[in-house]
Structure formats: C-alpha cells, structure tokens
Amino acid sequence: MIGERHWQRLALAFALAAALIWLFPYAWMLLTSLKTPQELVKAPTALPAALRFGAYAEVFRAIPVGRYLGLTTVMALSIAALQIAIALPAAYALAKLDFRLRGAAFAFLMSALLIPAELRFVPTFTLFSTLGLVNTLPALVLPFAVSAFGIFLLRQALLSVPDSLLEAARLDGASELHIVYRLLPPILAPSLAAFFLVSFVHHWNDYFWPLVMTVDDRVRTLPLGIALLREQGSGVRWHIVMAGNTLLSLPALALFGFAQKHLLRGLGSGVG
Amino acid sequence: MLVALGIFFVYPLCSALRTSFYEWDLLTPPRFVGFDNYRAIFSSGELLSSLGTTLLVSSVVVVGSLALGLALALAVHRPGWLAALARSAVFSAYVVSWVSVGLLFLWIFDADAGVVNRTLAALGLGPVKWLTSTRVAPLTVALIVIWKVTGYAMVVFLSGLSSLSPELQEAAALDGAGPFSRLRHVTLPLLRPTAAFVAITSLIASFQLFDVVRLLTQGGPVRSTTVLVYAIYEQLFRDLRVGRASALVVIFFLVLAALTWLKLRAFRAEEPA
C-alpha cells in the first residue's frame, strides 16, 4: 500500500510533468521566433545564438498587424457589448417578470444553446451574400448579437436577486428600462465580468466565422492573418510564423493572467 | 428577445432544411431536387466516412481529456506554488486560440525539422509521419485537441472536488483507509456525475471541431481527418454545393440534438448531488 507521503510526492511529480508539457510549446514558439533562417536550416532544434527580433519585423512587413489587431478588438468588443445589452433585458424578463409562455420561452432558449455557429453558417452565408453583407464588419458581429449562453448565465444570477429590491426601485418611480440598465448591472457585476471575458476571448480567438465570412483583406481578423503567414511566401518561414504566433497568443495569455478568476467562474458555470 | 432568437437561431435552421431539398451553386437559381441531396450523401459514403472520422477523433479526445483531466485535478487539488503553476499552465491552453495551437503543433510535429521527430531521431527512433499518414494523422489531431481542452475538464473536476465534504475523507481515514482506497471507494464514486457532465460536454465540443483540422491537415491525408464540420465547409466553399451542405447541416443538427439530450440528462443527474 502506498503511504500518504509517497502519494503526495507522486502527485507533485505529476503536476511538474504536466506544467512542463503544457509550457514547453510556448517556450518552443518563443525560441523559434528568435532564430535566424540560417539557424533554422542548420540546426532547427538548437537554441538561438543571440536574441534577434528580425522575424517580428518580417511579420509586420508581411501583414498589417496593427490593422488586424484593431479590427479584431473592435469586433470582439462590439459582440460582447451587443450580447450584454440584449442579454440583460432578456434575462430580466425570464427571471423576474411574469408573462404567459415564460416556461416555453425558457425551453426555447435552452434549445438555442445547442445550435453552434458551425450549424448556422451555411444559411447565414447565403442570406448575407444576397444582402451583399459578406466581407463586412456587420457580417462578423450581427450573427452573434444574441448569446443564449449569456442570457442563461445572467438569468441564473438574477434568480438570487431579491424581488423586494426591484419593488423598492419601482416604488421610487424607476422605469423598467432604468431597472434593467442602471440598477441591475452593479448587482450583476461578477457575472457580467465573467461573461464579458468569456465572450471577448472566444470571439477574439475565433477563426471559423471570419474565415467563412471574409474574402479579402478588408475585414480580416488577426487569427486569420497569422494563419496566412504560413501559406504565403516560400523557403524556411517557421521563425516568422512563430513570431506571428507569439503576437497572436500574447494578448490572450496576458488577459488570462490578469483575469484568471473571472474566466474560470464564467467557464465553470456549467454550460458552454 | 424571442424575435431576436428566432432570427438568429430558428431562421437559419428552417432555411437550411428548405435549401437541403434544392440544388444550388449560389450563382444560378436554385433547382428543387427533393431528397436527391440526402440520397447522394448516403450513397457516396462521404457522410459515413466523415461521421466515422468524427467519432474516432471524438472518442479519443473524450477518453483522453476525461482521464487526464481527472488525474490532473486530483494531483493539483492542493496548496503550493507547483500545483498552482500546473493549474494555470494546463488551463492556459484552453484560453489560447485554435490558430495558435494549430500553428504551434504544426511546427512541433513537422516531419523533418520538428522537435519531436528530431528528438526521436537522436534516440535512434522514427521518423513518425505525424500528419501525413492516414493512420496516425487522426490520432495526432486528437492528441492536440486533448492538449487544448484538458484544462476545461480539469477545472470542472476541481470544482467537483471542492464541493465534496472533507469530513467524509477524514472519516474514511479514521477507519484506516489509505489514500488509494479513499480515492477508489470515496472520491471517485462521488465524482461520477461530474465525469458524466465533462464527458458529454467534450463529446459535443469535439463534434464541432474544425479550426485545428483546417490548419493542420486540411482534412487529409486522403480525407482521413475530414470531420463533419470540415465536410460541410468543403461542400460549400470548394464545391459550391449549397444544397448538399445544407443537407449535411440538417443531419449534423440531429446528431447534436441527440447528444444534447444526453447532456441534459447528465446535468439533471448532477443536480441533486
């Protein structure tokens, strides 16, 4: 039988191995991005002789990093803002208002949760191409305006807000609009922050939707641009691809570092 | 709200259902063909093959991330910097984009200059055709997906572990149960509902795989990694067959609906605990 002490050691050894396996690819990416093409050809697995940032300069020459970055951020922010603006009143209605068909509306919402973007893109693409919206920012944002997951998350959080609070606000003459957009957000702040982060990161990282909805450089997002680095040019390019990849993954990793707790709450809430 | 949901969720589905009975290349007007699209999908074997690939990759991913996620959760469910580091490292992969992960492993598993094959060569082994052999490529894809999603499984198991009462462990320890038998007879049975939830969630997620396939293998070699969503994408953007793609969407929806029904059952089983 293994004793407590050994058990403890075994667990820590396993944790150490996991940390190494999960951190190694990032380290490899960073190291590769600091190499010169000559180093890559001669000894692809050796350490770089010096810190050279030439590959990063190549990335900025090959694609408009700044523009992609700006567009991606605007897109992800617009989606998250729209989703919250729509999810607040919807969640409020589902949690706090009595209306006929409320049960049916909730069941409907739950079933909408199971329709991923991968299922919606064929009809949405054909609809947008008839409307001439393909390859525009609205084509990237509008299909995600309503988040069933967001409505569900906020509705669950609203259930624990006491009705007496809302009654008091109504007696003070607050309109429903005031309640939804002024009174509730501070109370729901933890859930809102968690949902905002999950939504922002998800759409900032998204590859599928921008890929199928854009045809050229006009509204291309950063993940698409970085993926393109591999397809363009010829010869040894791994240092450039890895430099681009570092630029792409740093913001997500930084956000993760700052807001790990909120992200975990958003993701650990069961759905999604 | 209902109207909005209707526009964004119900309309696309109904429209996919309608389009699936037409032949349409986006350029000329659609032509009604009845069940021809479905017949073509079933008779060409492309549905069966991509469904089979999806099932293969999904089952490896589900089993792998479930076992690894549980083992990791048990190992890092303790104080100390090493456990905290491991928790953050494993979970960070879940936050990084699929594009990053795809490009990263494309380089690491590169047949010639990749670090894995170079290391194997230094040991006198290999080279392994990670992404260019029809037999290995689906497993490589599954391995990379496991690297990416195990953090989520670990986090759910960790929250499951925190909700177990410590008294139960102490009582078992007082009764003379060692760490291993405590794990086997107390902790694991109590985590069963959590495991069911993790399994079905990652099954649904791995049925929607696309990005990593598009980046790493483009469905190849010889369609060996053409998962369902990739098959739909090809029908629409390579072959311009909107009707056929829509028919695949309808079938895909039915599969997902069945899986989600399973998920709701797992969810309900978890609640009383």
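# Figure legends: close-up views

**View 1. Leu56(B) is partly exposed, with 17 other C-beta atoms within 10 Å.** On the scale used here, a residue is buried if 20 or more other C-beta atoms lie within 10 Å of its own, exposed if 12 or fewer, and partly exposed in between, with C-beta atoms placed from the backbone. The model is predicted, and local features need pLDDT of at least 70, side-chain atom pairs count only at pLDDT 80 or more, and totals for chains, interfaces and linings use all residues. Residues are numbered from 1 along each chain as its sequence is written, while chains are lettered from A and ligands numbered from 1 in the order in which they are written. Leu56(B) belongs to helix H3 (residues 46-76) of chain B, where helices (H or I, at least four residues) and strands (E, at least two) are DSSP runs numbered from the N terminus. Although 83 residues separate Leu56(B) from Leu139(B) in sequence, their C-alpha atoms are 8.5 Å apart in space.

**View 2. H3(B) and H7(B) cross at roughly 40°, and their axes come within 6 Å.** The axes are lines fitted to C-alpha atoms, for helices over the stretch in contact, and the angles run from 0 to 180 degrees between N-to-C directions. H3(B) and H7(B) are therefore oblique to each other, given that angles under 35 degrees count as roughly parallel, over 145 as roughly antiparallel, 65 to 115 as roughly perpendicular and the rest as oblique. The crossing of this pair, H3(B) and H7(B), is right-handed; a crossing is left-handed if the near helix is turned anticlockwise from the far one by less than a right angle, and right-handed if clockwise. By class, the contact of H3(B) with H7(B) holds 21 nonpolar, five polar and no charged residues, where Ala, Val, Leu, Ile, Met, Phe, Trp, Tyr, Cys and Pro count as nonpolar, Asp, Glu, Lys and Arg as charged, and the others, Gly among them, as polar.

**View 3. Helix H4 (residues 81-95) of chain B crosses helix H7 (residues 137-162) of chain B at roughly 115°, with the axes coming within 7 Å.** The crossing of H4(B) and H7(B) is left-handed. From H4(B) the contact draws on Val90(B), Phe91(B), Ala93(B) and Tyr94(B), and from H7(B) on residues including Trp147(B), Lys148(B), Gly151(B) and Val155(B), two residues being in contact if their C-beta atoms, placed from the backbone, lie within 7 Å. The residues of this contact of H4(B) with H7(B) divide into nine nonpolar, two polar and one charged.

**View 4. Phe157(B) is placed in helix H7 of chain B.** Phe157(B) counts as buried, since 24 other C-beta atoms lie within 10 Å. Once its neighbours within four places in sequence are left aside, Phe157(B) is in contact with Gly69(B), Leu70(B), Ala73(B), Leu191(B), Thr194(B) and Val198(B). The C-alpha atoms of Phe157(B) and Val242(B), 85 residues apart along the chain, are separated by 42 Å.

**View 5. Helix H12 (residues 228-237) of chain B is mostly covered, nine of its 10 residues being buried.** Among the buried residues of H12(B) are Leu228(B), Tyr230(B), Ile232(B) and Glu234(B). In the largest nonpolar core, which has 147 residues, Val212(B) and Ile232(B) touch the most other members; such a core is a set of buried Ala, Val, Leu, Ile, Met, Phe, Trp, Tyr and Cys residues joined through C-beta atoms within 7 Å. H7(B) supplies the largest share of this core, 15 residues. Leaving aside its neighbours within four places in sequence, Ile232(B) is in contact with Val122(A) as well as with Ala245(B), Leu248(B), Val249(B) and Phe252(B).

**View 6. Helix H4 (residues 65-96) of chain A packs against helix H8 (residues 148-158) of chain A at an angle of about 45°, their axes being 8 Å apart.** H4(A) and H8(A) are therefore oblique to each other, and their crossing is right-handed. Residues of H4(A) including Gln83(A), Ile84(A), Tyr92(A) and Lys96(A) meet Gly150(A), Ile151(A), Leu154(A), Arg155(A) and Leu158(A) in H8(A). The residues of the contact of H4(A) with H8(A) divide into 11 nonpolar, two polar and two charged.

**View 7. Asn135(A) lies in the loop between helix H6 (117-131) and helix H7 (137-141) of chain A.** Phi of Asn135(A) is near 70°, a positive value in a residue other than glycine. With 17 C-beta neighbours inside 10 Å, Asn135(A) counts as partly exposed.

**View 8. Chain B meets chain A through 62 of its own residues, which are in contact with 63 residues of chain A.** The residues on the side of chain B that touches chain A divide into 48 nonpolar, 11 polar and three charged.
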